[in-house]
Amino acid sequence: MKLRRGLGFPLRNFDVMPRDSRPIGVFDSGIGGLSVLKHLMQTMPHERFVYLGDTARVPYGNRSTETVKSYARQCSAFLLQHDVKLIVVACNTVSAVALDELRKELSVPVIGVIEPAAREAASSTSSRHIGVIGTRATINSEAYTHAIIQHGDLHVHSRACPLLVPLVEEGWLDTAATRAIIEEYLRPLIAQQIDTLVLGCTHYPLLTPVLTDMYPDVRLVDCGQWTAAEAALIVGDHADEQPSIPMVDIYVTDATPTFNLVASRFLGMPVNEPVVVTIDSLPTSVERIS
Ligand code: DGL
């Protein structure tokens, strides 16, 4: 594999794409991936995006690997129907358990959020002790641990924090209860002298202010930021050739009543009404998408 430098450690080598006006496809188990889309739009304001949030089946984080893989295939197939040139798996859980299969099965490049975040964490730690928090499925997969230790003699301390997703969705971003739960989850990681903490779930970047306040000496790694940087390297900089207003079509598999409120928190700006696609109408077969 040829390697390219650019973000600290070498990147996987994808050929930089020639100018291609097709959109970039992004999917997540729900609305959390909008925290990744936010960085993609900021980094590539001249691109078009198609986002699918599987709001009917969220959360994925406590489901079995096989179920997550089958959902991920359907979401990817839907995006390919929209003629996307690249798929960004904006979900840590899917990136942890299904990325290799998607890369084998799909006809366009696929990037996940774990490798870019792992690379950034490895290049920024001084203590060589890195904390990782995520859903049960992400932590049980040990995908972050494997991705981080590839970069050297590093110690990874990880913990599933399933209560943080509902807290963030409720907007409890800095309450006494939130602080107590964070403290309980992070105590063993802090005891290991971590100086870097990977926010290995789409929802956790919204907790950045409270985490920074509680642990000012710990560097937080937001996977969306580093995934966007990697995606930009792959699609190339064609800013001079394209309009600089990012355009996004948002699809969801269920119109949840609080979508607009919660989604705008993740995206950091007002969100247009999403288009609903029912799960029954999603493509089911990988043959249709190869
Ligand atoms: N998007 C998921 C992740 O980043 C969190 C929500 C879920 O469990 O589906 O892991």
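Modeller: Strand S3 covers residues 24-28 and is mostly covered, with five of its five residues buried. Buried means under 20% relative accessible area, exposed over 50%, and partly exposed in between, with a 1.4 Å probe and protein chains only. Strands are DSSP runs of E with at least two residues, helices are runs of H or I with at least four, and both are numbered from the N terminus.

This is a predicted model, where local features need pLDDT of at least 70, side-chain atom pairs count only at pLDDT 80 or more, and totals for chains, interfaces and linings use all residues. Residues are numbered from 1 along each chain as its sequence is written, and side-chain values use heavy atoms, leaving out hydrogens and water.

Now the faces of the strand. In a regular strand the side chains alternate between the two faces of the sheet. In S3, one side holds Ile 24, Val 26 and Asp 28. The other holds Gly 25 and Phe 27. Both faces are covered.

Next, the partner. S3 runs parallel to strand S4, residues 48-53, and five bridges join them. Two strands pair if DSSP finds at least two bridges between them. Ile 24 stands opposite Phe 49 in S4.

Asp 28 is among the residues that come nearest to the ligand, along with Ser 29, Tyr 60, Gly 61 and Thr 93. The ligand has 13 residues around it, each with a heavy atom within 4 Å. By class, this shell has five nonpolar, seven polar and one charged residues. Ala, Val, Leu, Ile, Met, Phe, Trp, Tyr, Cys and Pro count as nonpolar, Asp, Glu, Lys and Arg as charged, and the others, Gly among them, as polar.

One lies 2.6 Å from a side-chain N or O atom of Ser 29. A polar backbone atom of Tyr 60 is 2.7 Å from a ligand oxygen. For Asn 92, the distance from a polar backbone atom to a ligand oxygen is 3.1 Å. Taken alone the ligand exposes 290 Å², and the protein buries 99% of that. These areas come from the Shrake-Rupley method with a 1.4 Å probe.

Last, the whole protein. Its secondary structure comes to 11 helices and 12 strands. Buried residues make up 54% of its 290 residues. The protein exposes about 12400 Å², with carbon and sulfur atoms supplying 51% of it.

How values were computed
A polar contact is a pair of N or O atoms within 3.5 Å; within protein, one must be able to donate a hydrogen and the other to accept it, and residues adjacent in sequence count only if both atoms are side-chain atoms.
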